[in-house]
Amino acid sequence: MTLANPNHVFRALSDPTRRAIFEELTRHGEQTVHALTRYAGVSQPAVSKHLTVLKRAKLVRHRRDGRETHYRAQADALAPMVDWLDRYGAFWRERFDKLEGLLNRMEP
Amino acid sequence: MSASAPALTLVVEREMPHPPEKIWRALTQGQLIQEWLMTNDFQPVVGHRFSFRATPVKNWSGVIECEVLVVEPHARLAYTWGALGPGSTVTWTLTPTEGGTHLRMEQTGFESESGANYKGASYGWKKFIGNLERVVEGLE
C-alpha cells in the first residue's frame with residue numbers, strides 16, 4: 001500500500017461548515033453561491049473559500065450562468081473513502097501476515 | 001466508538017493459533033511491533049504519545065503520530081492513528097478461543113480523540129455518511 005497521498009477529501013470534510021455545505025448540495029441538488037450563503041449563515045467570501053476547498057477535493061463542481069455560479073455535488077464523491085478502506089484493508093492484511101510470521105518465530 | 005461510523009470502519013480479523021498473552025507482547029513491545037508493523041516509540045501507557053515511522057515517500061514524511069487510548073492487558077489496545085488527513089483510531093481486540101486467539105483490528109476514520117478539527121459539528125458523522133450514500137446511489 002502506498003501511504004503517499006494525503007486524502008484531500010478527508011481534509012475538505014473535516015470542517016463542519018464545509019461538511020454542511022456539501023451535505024446541503026447532496027440533499028437538494030444544484031445551488032447558487034447566494035443560496036448556499038443563506039443556508040450556511042456565514043459570509044459569502046467564506047462560503048466561496050469553502051467551495052474552493054470542496055472543488056479542489058473534487059467533491060463539488062460548478063458552472064457559470066450569467067453572474068451566478070451554480071454548484072453541485074460530484075456523483076463519485078465517495079470514491080476516495082472507498083479507496084481509503086481498500087488501501088488500509090490491504091495494508092492491515094499484509095501486516096497481519098507479518099504478525100503471524102513473527103508469532104511463529106517467537107518463544108511461547 | 002466502534003459502532004458509530006460503520007461506513008468508515010475497517011475491520012480485519014483472524015484466528016491465530018497463539019495465546020492472547022503472546023499476541024499482546026507482539027502488539028505492545030516496541031521491538032516486536034517493529035518487526036511486523038513499523039519503527040516506533042510505543043509504550044503501553046494510556047495518554048502516551050508516540051509515532052510510527054515508515055520510509056518517507058513523495059508527499060509523505062512517513063511519520064504517523066499516535067496517542068495511546070486504551071490498554072487492557074491481553075484484551076484490548078487502542079491508539080489514535082494520525083496519518084492521511086484527520087486522524088483515525090486503531091483498536092485491537094483479543095478474544096481467547098479454543099485453539100488460540102481471535103484477533104480483531106478495527107480502524108475507524110474521522111474520529112479523533114483530540115478532535116480539534118471537527119468538534120462542534122452539529123450532526124453526527126454517521127448520519128452524514130448515511131445521507132451521502134443515499135444521495136450518491138440516487139445519482140448513479
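In chain A, helix H2 (residues 16–28) packs against helix H3 (residues 33–40) with the axes 10 Å apart and an angle of about 125 degrees. Here an axis is a line fitted to C-alpha atoms, for helices over the stretch in contact, and angles run from 0 to 180 degrees between N-to-C directions. That angle makes H2(A) oblique to H3(A); under 35 degrees would count as roughly parallel, over 145 as roughly antiparallel, 65 to 115 as roughly perpendicular, and the rest is oblique. On the H2(A) side the contact involves A:Thr17, A:Ala20, A:Ile21 and A:Glu24, and on the H3(A) side A:Leu36, A:Tyr39 and A:Ala40. Two residues are in contact when their C-beta atoms, placed from the backbone, lie within 7 Å. By type, this set splits into five nonpolar, one polar and one charged. Nonpolar covers Ala, Val, Leu, Ile, Met, Phe, Trp, Tyr, Cys and Pro, charged covers Asp, Glu, Lys and Arg, and the others, Gly among them, are polar.

A word on the source: this is a predicted model, in which local features need pLDDT of at least 70 and side-chain atom pairs count only at pLDDT 80 or more, while totals for chains, interfaces and linings use all residues. Residues are numbered from 1 along each chain as its sequence is written, and chains are lettered from A and ligands numbered from 1 in the order in which they are written.

H2(A) also meets helix H4 (residues 44–56) of chain A, where the axes come within 10 Å and cross at roughly 75 degrees. That makes H2(A) roughly perpendicular to H4(A). A:Thr17, A:Arg18, A:Ile21 and A:Phe22 of H2(A) touch A:Val47, A:His50, A:Val53 and A:Leu54 of H4(A), a group of five nonpolar, two polar and one charged.

Stepping back, chain A holds five helices and three strands, running α-α-β-α-α-β-β-α from the N terminus. Helices (H or I, at least four residues) and strands (E, at least two) are DSSP runs, numbered from the N terminus. Of the 108 residues of chain A, 28% count as buried, meaning that 20 or more other C-beta atoms lie within 10 Å of a residue's own; 12 or fewer is exposed, and in between is partly exposed. Among contacts between residues at least 6 apart in the sequence of chain A, 54% join residues at least 24 apart.

The strands of chain A form an open sheet of three in the order E1-E3-E2, with antiparallel pairing. Its edges are E1 (31–32) and E2 (60–65), each pairing on one side only. Pairing requires at least two DSSP bridges between two strands. E1(A) and E3 (residues 68–73) share two bridges: A:Gln31 partners A:Tyr71, and A:Thr32 partners A:His70. E2(A) and E3(A) are joined by six bridges, again in the antiparallel sense, with A:Arg64 opposite A:Thr69. Two residues lie between these strands in their hairpin, where A:Gly66 takes a positive phi near 65 degrees.

Over in chain B, B:Thr80 sits in strand E5 (residues 76–81). B:Thr80 counts as buried because it has 21 C-beta neighbours inside 10 Å. Its C-alpha atom is 6.1 Å from that of B:Val90, ten residues apart along the chain.
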